[in-house]
Amino acid sequence: MTLYAGGLRSAFGLGRRTSAKVIPFALAVLAFVPALVQVAVGALTSRLDADVDLFAHEDYFGYVQIILILFCAAVAPELVGRDQRDRSISLYFSRAVSRVDYALAKLAALVSVMLVLTLGPQMLLFVGNGMVEDDLDGYLRDSWDLLPPILAGALFLSAAIAGVGLAIASFVPRRAYATAAIVGVFVLTTSVAGILMETADVSFARYALLVSPLVWEGAILWFFGARPDPGSEIRDADFHGAVYAVAGVVTILATTALTIVRFRRMQA
Amino acid sequence: MSLIATRGLTKRYGDVLALDALDLELEPGVIGLVGANGAGKSTLIRILLGLLQPTAGSAQLFGLDVVSDGLAVRRRVGYMPEHDCLPLDVSATEFVAHMARINGLPKSAARERTAETLRHIGLFEERYREMRGYSTGMRQRVKLAQALVHDPELLLLDEPTNGLDPAGRDDMLDLVRRIGTEFGISLLMSSHLLSEIERVCDHLVVIDTGRLVQSDRIVAFTGRTEVVTVEVDGSAAMLAAYLRERGIEAHEGRRTLELHLADAASYDAVRDGAAALGLGLVRVEQGRRRLEDLFRDEAPEEPAPV
């Protein structure tokens with residue numbers, strides 16, 4: 001529990017010098033910007049009786065995805081790399097902390113801070129849109145069915161990015177390398193999947209999507225019951241939405257297991 | 001029930017045998033673990049902490065197996081590693097309190113114990129500063145503090161004086177001895193310097209290439225009460241003869257004599273003899289054998305790695 005709380009603190013650099021706080025806070029703020037813009041624009045245009053929908057719920061995760069990845073790449077090495085670099089990890093493992101608990105506490109901490117960035121803006125958008133409407137009650141009645149997919153999508157996305165990021169970071173103690181590796185893995189899998197979809201036979205290439213971040217997009221569109229844009233890889237691959245969800249859950253479980261194995265085997 | 005017990009404890013790294021069927025049985029107290037570098041001291045400590053798995057054999061602390069009851073064991077011990085283990089960009093207070101919380105202390109208790117512990121180990125205003133600016137001595141103190149903060153029953157100190165200058169070394173040894181005597185915490189301290197162990201500990205375990213050389217009370221090693229050297233400003237032979245008449249065995253040199261003294265009466269005999277013979281006593285010294293003399297061959301001293 002303390003490890004979890006400590007993880008939350010260290011994720012945002014609390015208790016440390018200012019320079020440790022800048023990047024996580026800046027990225028967190030960035031993730032909120034589109035929601036703020038939408039709410040502000042909505043507020044300005046509501047008198048004109050025009051319905052401007054710049055950033056919709058189902059697309060929002062796509063807009064901020066790169067911010068989420070950067071945030072994870074900045075924070076995950078902080079959570080699991082520092083203890084290895086400082087070698088304070090042997091102090092944890094020589095206390096009454098099991099290695100599995102250590103790994104899970106770190107994962108829980110990372111998922112939680114990711115939730116701030118995934119769920120936070122969505123809720124701001126939801127409440128903001130409601131406030132902009134004159135009829136708040138009516139809005140809530142009409143839109144309450146958005147909440148389950150928002151929650152599911154935020155949790156799913158947070159766990160998926162955190163799982164992958166933490167697994168990589170736990171194997172790469174050096175912060176700069178870990179950050180690069182995390183961003184690299186996300187970018188690489190996305191582009192490989194994209195290229196394969198362009199060049200190779202779709203019936204085969206579409207499986208590459210299942211190990212790329214496009215999984216999240218597919219799953220989240222499915223949560224919202226939305227159709228992917230024509231021409232997008234997800235439309236071309238033509239999987240059932242549940243396939244993405246399952247692939248995502250498998251990724252989360254596999255990376256979690258990998259992180260646990262890493263800490264169990266670690267020479268402290 | 002013994003504090004530390006190992007049975008056939010063996011640890012193998014590839015071809016290297018770090019611990020070779022080690023059998024130990026240690027009672028609570030201040031225990032010194034001596035051996036040359038690579039003798040297996042750290043390996044033993046790390047196995048006791050569950051940081052390493054033994055290749056064969058078993059080890060118990062407080063009668064609990066360190067592998068199967070690892071969590072229960074580790075709840076009751078404090079560990080000061082040999083290597084650096086401090087995050088340098090937080091303050092000592094923050095770090096030690098965090099470690100106390102990891103041990104399950106509630107927030108307020110953790111803060112209280114942290115302040116208390118840091119005061120004990122002699123860290124005052126500096127404790128709110130980033131540890132980056134600390135000297136080696138201060139860092140060693142913080143390492144000790146984090147091991148002590150949750151009030152363990154047993155402290156495992158791996159080379160606590162490593163990298164310290166002579167003054168820092170003295171301070172650290174005093175601190176360790178105080179913890180052992182005043183707080184009544186049992187303590188296992190490793191060192192490759194016999195003189196350090198001798199100053200602090202009351203029990204000595206000597207290991208070499210993973211095997212037990214000897215385990216006994218320090219007194220048994222040094223024979224503290226036995227030999228006394230007396231130096232006089234005249235004929236030592238006369239005094240020796242005087243003592244022999246009174247049934248005290250003495251070996252004379254030219255101006256000194258060595259004798260086995262069992263009690264205060266023997267000292268009185270030396271004094272009376274010197275007075276009767278008109279000899280001046282230059283010095284009366286407990287000719288205490290140093291541990292180094294005993295282990296000069298088994299445990300060659302090496303300079304501390306810096």
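This is a predicted model: local features need pLDDT of at least 70, side-chain atom pairs count only at pLDDT 80 or more; totals for chains, interfaces and linings use all residues.
Read from the N terminus on, its elements run α-α-α-α-α-α-α-α-α-α-α-α. The radius of gyration of chain A is 20 Å, close to the 18 Å that the globule rule gives for 268 residues, so chain A is as compact as a globular protein of that length. The C-alpha trace of chain A spans about 65 × 50 × 30 Å along its principal axes. Of the 268 residues in chain A, 43% are buried. Among the contacts in chain A that link residues at least 6 apart in sequence, 76% join residues at least 24 apart.

Chain B brings strands into the picture. One open sheet of chain B has four strands in the order 2-1-4-5, with antiparallel pairing. Its edges are formed by strand 2 (16-26) and strand 5 (64-65) of chain B, each of which pairs on one side only. Strand 1 (residues 4-13) of chain B pairs with strand 2 of chain B in the antiparallel sense, over seven bridges. One bridge can be picked out by name: B:Tyr13 has B:Val16, in strand 2 of chain B, as its partner. Helix 1 (residues 41-48) of chain B lies across strand 1, strand 2 and strand 4 (56-61) of chain B, and it runs at about 115° to strand 1 of chain B.

Another open sheet of chain B is made of six strands in the order 6-7-8-3-9-10, and here the pairing is mixed. Strand 6 (77-80) and strand 10 (211-217) of chain B stand at the edges with a single partner strand each, so one side of each has no neighbour in the sheet. From one strand to the next, the twist averages 15°. Strand 9 (residues 203-208) and strand 10 of chain B pair in the antiparallel sense over six bridges, and B:Asp208 stands opposite B:Arg211 in strand 10 of chain B. Helix 1 of chain B also packs on this sheet, where it touches strand 3 (30-34), strand 7 (154-158), strand 8 (186-191) and strand 9 of chain B. The direction of helix 1 of chain B makes about 145° with that of strand 7 of chain B. Helix 6 (residues 166-182) of chain B packs on the sheet as well, touching strand 3, strand 7 and strand 8 of chain B, and its direction makes about 155° with that of strand 8 of chain B.

Strand 3 of chain B deserves a look of its own. Five of its five residues are buried, so strand 3 of chain B is largely enclosed by the rest of the structure. In a regular strand, side chains alternate between the two faces of the sheet. Both faces of strand 3 of chain B are covered, with B:Val30, B:Gly32 and B:Val34 buried on one side and B:Ile31 and B:Leu33 buried on the other. Strand 3 of chain B pairs in the parallel sense with strand 8 of chain B over five bridges, and B:Val34 stands opposite B:Ser191 in strand 8 of chain B. With strand 9 of chain B, strand 3 of chain B pairs in the parallel sense over four bridges. There, B:Leu33 has B:Val205 of strand 9 of chain B as its bridge partner.

Turning to where the chains meet, 21 residues of chain A are in contact with 22 residues of chain B. On the chain A side, helix 1 (2-11), helix 3 and helix 4 (89-93) of chain A are the elements that give two or more residues. Helix 4 of chain A gives the largest share of that side, four residues. By type, the chain A side divides into eight nonpolar, seven polar and six charged residues.

The largest nonpolar core has 143 residues, and those with the most contacts inside it are A:Leu68, A:Cys72, A:Ala76, A:Leu110, B:Leu48, B:Val96 and B:Leu156. Helix 3 (residues 57-86) of chain A supplies the largest share of this core, 14 residues. Leaving aside residues up to four places away in sequence, B:Leu156 touches B:Ile45, B:Leu48, B:Leu49, B:Val77, B:Tyr79 and B:Leu188. A second, separate core has twelve residues, among them B:Val232, B:Leu239, B:Leu257 and B:Ala269.

Technical notes. Residues are numbered from 1 along each chain as its sequence is written. Chains are lettered from A and ligands numbered from 1 in the order in which they are written. A nonpolar core is a set of buried Ala, Val, Leu, Ile, Met, Phe, Trp, Tyr and Cys residues joined through C-beta atoms within 7 Å. A residue is buried if 20 or more other C-beta atoms lie within 10 Å of its own, exposed if 12 or fewer, and partly exposed in between; C-beta atoms are placed from the backbone. Two residues are in contact if their C-beta atoms, placed from the backbone, lie within 7 Å. Ala, Val, Leu, Ile, Met, Phe, Trp, Tyr, Cys and Pro count as nonpolar, Asp, Glu, Lys and Arg as charged, and the others, Gly among them, as polar. The radius of gyration is taken over C-alpha atoms; the globule rule is 2.2 Å times the number of residues to the power 0.38. Two strands pair if DSSP finds at least two bridges between them. Axes are lines fitted to C-alpha atoms, for helices over the stretch in contact, and angles run from 0 to 180 degrees between N-to-C directions.
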